[in-house]
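Hi,

Here is the structure I promised to pass on. Have a look at it first, and then read my notes below.

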Amino acid sequence: MSEQSHESSAKETDCEGEAEPKRTHVEWSPFVERLFSTYWGLSLLFGGVSMLTILFIAADECRQCFNKPVDVAEESSKTFWVYGKNSEGGHLKEVYTVLERLGYQKTQNPGGDWDLLWAHDYPFRALQAQLSHLKPHQKVNHFPGCGYITNKVDLATSGLRYIPPAFKLPQDKEKLLQFAKMNPNKTFVQKNNDHRNIKIEQLSNIDLDKSGSFVQEFVDKPLLLSGHKFDIGIYTVVTSIDPLRVYIYNGEALLRFCPTKYYPFDPANLDKYVVGDDYLPIWEVPAVDYYYNQLGFGMRESLNAYLRSQGRDPSVIWTQIEDSIRTVLIAKEPLIAYVLKRFRHKRNFFEMMRFDFVIDEELNIYLLEANMSPNLSSSHFPPNRLLYQQLLYNVLGLVGVGQRIHKNTLEVRSKEEELMIVSEKQLATYPEKCNSPLCRSSCVSPDCQLCKPCLSPETKRYLIEAFKEHLHRGDCKRIFPPVEIRDEALKAVEDSYSAENQLHYSWFKGKCLLDSTWC
């Protein structure tokens with residue numbers, strides 16, 4: 001601005017009123033004024049362009065938010081991670097497939113924020129620090145202490161019913177010699193402690209003072225199909241310890257056949273009596289070919305149909321198998337419960353294992369082993385893919401990993417959402433007892449402990465979990481507490497069970513008396 005124009009403006013102001021105080025005037029050189037004017041204009045220009053750009057981007061983002069179709073896979077962010085050797089080797093392919101279909105994403109570096117750990121190997125030694133303080137919603141597919149069940153030598157030498165007598169070497173050397181003396185016609189098989197290198201041996205050929213193996217009575221008259229010996233694998237799920245809840249996958253059993261016919265018997269030929277990795281699959285066994293290949297039955301029902309065609313009752317096999325699994329888990333539960341005390345929550349864990357059985361000519365069953373991480377790979381036998389996927393789908397639904405409600409975490413989001421699934425009215429049992437003067441006035445009597453005013457918070461929590469499992473059991477069958485007919489449900493629970501198991505068992509009986517679908 002020039003000096004002349006500035007003075008003209010001052011004079012105009014003075015004509016309209018009293019003279020203003022004299023202002024201080026800063027002298028600017030023409031160069032500085034031009035520079036200032038130029039950069040001021042450019043700043044305004046750039047600022048305006050930036051604002052318009054930001055507004056345009058924001059508007060476009062909002063348009064995409066409203067117009068973009070919802071992608072369920074992108075919204076789902078439940079996460080799982082894997083522990084074990086060579087986890088990408090293909091043996092967990094079906095696990096990955098089913099979890100991805102259920103909306104899970106695999107993570108390599110989970111930190112503390114994840115929903116499921118799938119451990120192929122026992123994780124509680126290497127990951128002790130991470131797994132001791134889990135969040136309530138996090139799930140692990142093994143129980144701490146599950147080795148009390150799946151350790152081959154411990155199970156074989158447990159002395160439990162349905163398990164052929166076994167002797168650990170060298171500790172049980174004298175017991176073995178005494179047993180052999182009393183049973184001179186018995187045959188024995190030697191196994192190392194990981195259940196490999198199985199072979200029939202004469203006791204005279206075994207080094208009874210060497211450690212690392214055990215000797216077990218051999219079931220020498222097995223049931224044969226088309227001349228082949230076979231074993232039966234039953235997938236078993238433990239959902240709770242103290243109280244104990246056990247299920248079996250009832251949709252199928254795994255039948256594996258020895259590749260060579262049993263007779264004429266030759267103990268040097270392991271393919272006659274040991275089911276190995278290269279077993280004979282059921283679809284190549286003539287006795288059940290029509291049932292399995294032509295009529296479309298599964299392995300279990302094909303075996304049942306064959307036995308009925310021979311005038312035999314297959315139900316005696318499955319009744320014994322269920323009783324055998326119950327017997328083992330009831331015996332081992334206190335040991336696992338003791339290990340669980342080291343962990344913050346005992347409801348973070350579940351177990352899926354496979355119990356392997358052999359059957360003799362009289363349809364007696366014998367438990368051979370329990371596998372902590374059974375083979376779920378269909379690479380060797382592709383037709384087994386459907387079996388493994390259906391098994392995993394049902395098991396994960398049972399334990400709450402596969403949920404009907406769509407959300408991005410297993411964590412409870414609201415009380416209202418939980419009440420939608422199960423509320424207190426679903427837990428109520430024994431209306432006559434709970435309305436009696438005894439239970440209306442006090443909770444001291446054992447008969448009143450399942451009445452609503454007497455339920456402890458802990459008892460209520462595990463009853464809620466039990467009710468959810470009943471809703472989501474799919475093709476799984478509860479075997480402990482056992483499913484009973486109504487007349488059996490009227491009987492009192494045996495006092496041989498722990499206090500928690502007695503109370504839990506009583507609740508299931510009460511549900512059966514109210515609703516036959518629980519029987």
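**A sheet and a tucked-away glutamine**

Let's begin with two strands: S6 (residues 188-192) and S8 (residues 213-217) run antiparallel and are joined by five bridges. Keep in mind that this is a predicted model.

Now zoom out. S6 and S8 belong to an open sheet of four strands, in the order S5-S8-S6-S7, with antiparallel pairing. At the edges sit S5 (166-168) and S7 (199-200), each of which pairs on one side only. Helix H8 (residues 173-182) packs on this sheet and touches S5, S6 and S8. The direction of H8 makes about 150 degrees with that of S5. In case strands are new to you: strands of a sheet pair through backbone hydrogen bonds, either parallel or antiparallel.

The other thing I looked at is glutamine 138. You'll find glutamine 138 in the loop between helix H5 (128-131) and strand S4 (139-140). Is glutamine 138 buried or exposed? With a relative accessible area of 2%, glutamine 138 falls under the 20% cut-off, so it counts as buried.

What does its side chain reach at 3.0 Å? The side chain of glutamine 138 reaches the backbone oxygen of tryptophan 114. A polar atom of that side chain also lies 3.0 Å from the backbone nitrogen of lysine 135. Leaving out residues up to four places away in sequence, glutamine 138 touches Gly112, Asp113, Trp114, Asp115 and Asn348.

Cheers

How values were computed:
Residues numbered from 1 in each chain as written. Predicted model: local features only at pLDDT ≥ 70, side-chain atom pairs only at ≥ 80, totals over all residues. Heavy atoms only, no water. Pairing = 2+ DSSP bridges. Contact = heavy atoms within 4.5 Å. Axes fitted to C-alpha atoms, helices over the stretch in contact; angles between N-to-C directions. Buried < 20%, exposed > 50% of the residue type's maximum accessible area, 1.4 Å probe, protein only. Polar contact = N/O pair within 3.5 Å; in protein donor to acceptor, adjacent residues only side chain to side chain.
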